[in-house]
Amino acid sequence: MRRPTAVVLAGGGARGAYEAGVLEFVLQDLPRRAGVPARFDIFAGTSVGALNASFLGATSDRPGWAAQRLVEYWRDLAMDRVVRFGARETVNLSQLMLGKRWGQTDLLAGGPRPPAGAHAPVAGVFDTTPLYREMRENIPWEQLQRNLHDGTTRGIALCATEVCSGKAVVFHQTCGEASYVSARDPTMESVPVALGVEHAMASAAIPFVFPSIQIRGTCYVDGALHQNAPLMPAIRMGAERILVVSLCQEPAVRFRQGRRSCRRNEYPGAIFLLGRVLGAFMDHALDRELARIEMVNAVVDELRASPEPALRASMERVARAFRNTGYRRIETLHIRPSRDLNELALEALREAPREARLPGPTGKAVEKILLSPAFVESELTSYVLFTATFDRKLIALGRADAERRQDELIAFFQDEEAA
């Protein structure tokens with residue numbers, strides 16, 4: 001029987017085109033070049049990774065075709081197909097900062113408050129109606145349900161954050177022969193659902209930038225606040241090997257570049273801080289999680305080699321008491337960008353500045369913000385630059401980075417036929 005194989009896709013806004021490039025090489029080129037039947041049956045993603053993962057899960061019966069379609073979508077993307085910013089959004093900027101008041105109640109004076117109930121979705125700078133429409137129409141959600149029903153897709157998990165409680169939420173769905181083993185973690189909630197576009201969009205709702213998504217009276221935003229590269233959900237759906245595609249460079253490189261750019265910014269502002277805080281959420285925990293998996297693998301190997309069955313049984317009991325599941329060996333392969341994606345975004349802006357424009361006078365105001373030194377230094381550019389030139393650069397980089405790992409990818413998938 002084939003080992004359950006997962007792909008985990010990280011969040012990062014417009015950087016998600018890099019994932020498409022990696023997947024194009026893995027699912028199209030690798031089988032042709034090496035005769036390796038590369039495919040996944042478990043999918044986990046956060047933010048833009050949740051959108052990409054949803055499409056892959058819904059097309060897992062045709063992995064090569066799915067990778068090609070994903071790349072085609074990203075190559076043709078434009079700003080106005082993702083977000084809208086017009087007069088209404090300009091007026092709503094005050095609502096974004098302060099919310100809507102209810103009457104003239106003075107909370108500080110102890111005045112009456114409205115009754116408990118679901119509040120309206122929290123505003124964002126941009127209107128994401130265009131993206132919502134595209135995801136509803138371009139991801140075959142009914143086919144996802146069929147793939148889950150027949151087991152072609154074993155499981156899929158999309159990660160979000162509940163606004164009111166701040167709790168991490170994992171929306172998940174598995175096929176009949178699989179299950180999601182919930183963690184014993186009071187800060188996280190696993191929610192079994194029939195996955196749809198609202199769950200994917202909730203995972204991708206970047207706070208402040210995109211509006212929150214309300215599902216059954218509860219508001220959700222981007223899952224990157226807790227788990228930007230959701231390894232654990234993939235493991236809890238039964239994955240025995242995981243390909244992780246993340247959207248930030250190696251930590252040492254990232255920290256060194258961050259300090260250098262920070263020190264040359266003489267007058268940083270709030271946008272600069274927002275960008276650096278957002279960057280701090282991206283993948284900082286991933287390397288720790290991967291190291292923890294390697295530690296568990298070493299423990300499993302030692303226990304398997306131990307002549308003491310009582311010791312193995314004792315460790316199993318301890319693991320289940322704390323984790324609600326035992327230990328098992330997990331094989332991982334991590335592909336990440338070899339270049340600074342913000343620098344790549346600036347290259348794209350210099351080559352095709354018109355692609356960053358949105359229509360109307362308010363669109364021009366947004367363009368000025370995107371091109372301002374404060375925004376560029378904040379490193380937010382690469383998260384919001386949904387343009388064809390940038391996306392094509394990201395796809396090419398993703399393909400190249402995956403190709404450099406060809407031998408490791410062959411070893412990762414090579415036991416498909418024997419399993």
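These questions and answers walk through a predicted model.

Q: What is the mean pLDDT of the protein chain?
A: The structure is a prediction, and pLDDT gives the predictor's confidence in each residue, from 0 to 100. In this chain, 83% of residues reach 70 or more. The mean pLDDT is 84.

Q: How much space lies in the largest pocket?
A: Rolling a probe the size of a water molecule over the atoms shows where empty space is left. For the largest pocket, the space comes to about 780 Å³.

Q: Which element gives the largest share of the lining of the largest pocket?
A: The lining has 36 residues, and M188, Q227, M232, E289 and R292 are the closest to the pocket's centre. Elements giving two or more residues are α9, α11, α12 and α13. The largest share is six residues, and it comes from α12.

Q: How many residues in the lining of the largest pocket are nonpolar?
A: Sort the lining by class. Seven residues are polar and eight are charged. The nonpolar count is 21.

Q: At what angle do the axes of helix α3 and helix α18 cross?
A: The two axes come within 8 Å. V71, W74 and R75 of α3 meet A388, D391, R392 and I395 of α18. These residues divide into four nonpolar, no polar and three charged. The axes of α3 and α18 cross at roughly 145°.

Technical notes
Residues numbered from 1 in each chain as written. Predicted model: local features only at pLDDT ≥ 70, side-chain atom pairs only at ≥ 80, totals over all residues. Heavy atoms only, no water. 1 Å grid on protein atoms, 1.4 Å probe; cavity = no way out; pocket = protein on both sides within 12 Å on 5 of 7 lines; lining within 4 Å. Points joined across faces, edges and corners; volume = space filled by probe spheres on them. Helix = DSSP H or I, 4+ residues; strand = E, 2+ residues; numbered from the N terminus. Nonpolar A, V, L, I, M, F, W, Y, C, P; charged D, E, K, R; others polar. Axes fitted to C-alpha atoms, helices over the stretch in contact; angles between N-to-C directions. Contact = heavy atoms within 4.5 Å.
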